[in-house]
Amino acid sequence: MESALLVNVDNDTLRRVLNDADAMAAVERIEGWRALGDNVIETIINKAEKIKALKNKAKDGKLTEKEKRQLTEEEKEFKAKRRLVQEKLIKFATRIPAFMYLTDFRENTLQDVITKIEPDLFQIVTGLTVADFHLLVRLKVFNTEQMNQAVFAFRRYEDASLRYTGIESHEGLTHVGLYDTVVALE
């Protein structure tokens, strides 16, 4: 759940979040987001456009030494800010296993557990409402295919560690719910 693949921080995704007031309000509720500073998403998008313009100018061989240094500095700052945003989103994703530990619904998809069975618990553990989370998923901030893989790996390791201690927590379980799909165990 700490994989950078779980979250998308490309310019198109960030632009979709920036253009949606509800999405901006949702990401601002993620723990530690405010520490990134005001307008961090807008800054990233603007830096990306400035870097693109400077690189286009560089292709023509028309960059001065000052502009070359500026390009290097802009790229460093752009990458650093993007990495910080990615880290905050990943930090949110790391709360999902805690939520999964606290619920006992293994045959249901995690999406169903979040939205239909335990929405209040999800908000307590993650700080986001179900509507906030769905909005961010719809805007492709979270990569659902990677979420399925992460949930599967988490459940596999959880079961193995419980079996190691002699606990069979879910006897007779034939299917396991991932993020938005259910798979047969056999």
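K140 counts as partly exposed because its relative accessibility is 49%, where partly exposed lies between buried, under 20% relative accessible area, and exposed, over 50% (1.4 Å probe, protein chains only). K140 sits in the loop that links α8 (130-138) to α9 (144-164); helices here are DSSP runs of H or I with at least four residues, strands are runs of E with at least two, and both are numbered from the N terminus. The phi of K140 is positive, about 70°, although K140 is not a glycine. Most residues other than glycine have a negative phi. N39 is another non-glycine residue with a positive phi, about 60°. N39 belongs to the loop between α2 (21-28) and α3, and N39 is exposed because its relative accessible area is 52%.

The model is predicted, so local features need pLDDT of at least 70 and side-chain atom pairs count only at pLDDT 80 or more, while totals for chains, interfaces and linings use all residues. Residues are numbered from 1 along each chain as its sequence is written, and side-chain values use heavy atoms, with hydrogens and water left out.

As a whole, the protein has nine helices and two strands, in the order α-α-α-α-α-α-α-α-α-β-β along the sequence. Of its 186 residues, 39% are buried. Among contacts (heavy atoms within 4.5 Å) with a separation of 6 or more, 69% join residues 24 or more positions apart.

The crossing of α1 past α3 is left-handed, meaning that the near helix is turned anticlockwise from the far one by less than a right angle. From α1 the contact takes N11, L14, R15, V17 and L18, and from α3 it takes I41, E42, I44, I45, A48 and E49. These residues comprise seven nonpolar, one polar and three charged, with Ala, Val, Leu, Ile, Met, Phe, Trp, Tyr, Cys and Pro taken as nonpolar, Asp, Glu, Lys and Arg as charged, and the others, Gly among them, as polar.

I41, in helix α3, is buried because its relative accessibility is 3%. Beyond its neighbours within four places in sequence, I41 contacts L14, V17, L18, M24 and W33. The C-alpha atom of I41 is 9.4 Å from that of V9, which is 32 residues away along the chain.

The other partner of α3 described here is α4 (residues 65-93), with axes that come within 9 Å and cross at roughly 145°. This crossing is also left-handed. Residues in the contact include I44, A48, I51 and L54 of α3 and L71, F78 and V85 of α4. The contact divides into eight nonpolar, two polar and 10 charged residues. Helix α4 has 29 residues and spans 42 Å from first to last C-alpha, close to the 42 Å expected, which is 1.5 Å times one less than the number of residues. Among the buried residues of α4 are E67, L71, E74, F78, R82 and V85.

Terms used: Axes fitted to C-alpha atoms, helices over the stretch in contact; angles between N-to-C directions.
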